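Hi there,

Here is the structure I promised to pass on to you. Have a look at it first, and then read my notes below.

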Amino acid sequence: MQKTISLFSVVGMALGMTAGSAAAEEKIDFEKQIWPFVKESCVKCHKPPYTDERGRKRKPKSGMVITNKKGFMEGGEEGAVIVPGKPDESEFLQRTLLPLDHDDHQPPEGKAPEWTDEQKKLFEAWIKAGADFGAWERDPEVDKK
Ligand code: HEC
């Protein structure tokens, strides 16, 4: 029995180490790995002001424009929504983790594709690693004035 336990813990440690070093080596590429699902689920309501097809002026919800790095880091009416290194304090992630029927859940229920659990984990890892945007400054396709 003793032997089984120690064997398990050795294997566990080995696995833990592998996972740890893999995470450290594989830098998350914001533009390739993060931006596509942020764009798909969140940009619709958090982009610069525009006039819709019926001629109505539309403003970014909560004043938050995420289509460029500066706006993304500034956040919305309540201030920063991304705190590098601190996923727990990063509202942009935390809101996606709330129960679907919670008033503060984002995206608002049924209005845009939900992030998958994998995407939420990736976003968390990206913040933890320092929220590095790499060379990405803006997405010209949606960052229009
Ligand atoms: C259908 C429109 C819509 C979509 C899509 C949407 N939001 Fe929002 N968002 C809102 C509205 C409306 C508010 C303001 C009300 C509130 O704070 O809940 C808001 C507010 C927020 C805030 C608060 C900003 C602040 O000032 O503190 C965050 C963070 C946020 N959204 C994140 C997201 C994320 C992350 C996504 C994508 C996963 C997303 N939103 C997609 C409509 C949307």
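**What I found**

The protein chain has five helices and two strands (DSSP runs, H or I of at least four residues for helices and E of at least two for strands, numbered from the N terminus). Starting at the N terminus, their order is α-α-β-β-α-α-α.

Before you go further: this is a predicted model, in which local features need pLDDT of at least 70, side-chain atom pairs count only at pLDDT 80 or more, and totals for chains, interfaces and linings use all residues. Residues are numbered from 1 along each chain as its sequence is written.

Of the 145 residues in the protein chain, 15% are buried, meaning that 20 or more other C-beta atoms, placed from the backbone, lie within 10 Å of the residue's own.

Now the ligand: 24 residues surround it, the closest being Cys42, Cys45, Gly76, Glu78 and Gln106 (a residue counts if its C-beta atom, placed from the backbone, lies within 6 Å). Both α2 and α4 supply at least two residues of this shell, and the largest share, four residues, is from α4.

Enjoy exploring!

How values were computed
A residue is buried if 20 or more other C-beta atoms lie within 10 Å of its own, exposed if 12 or fewer, and partly exposed in between; C-beta atoms are placed from the backbone.
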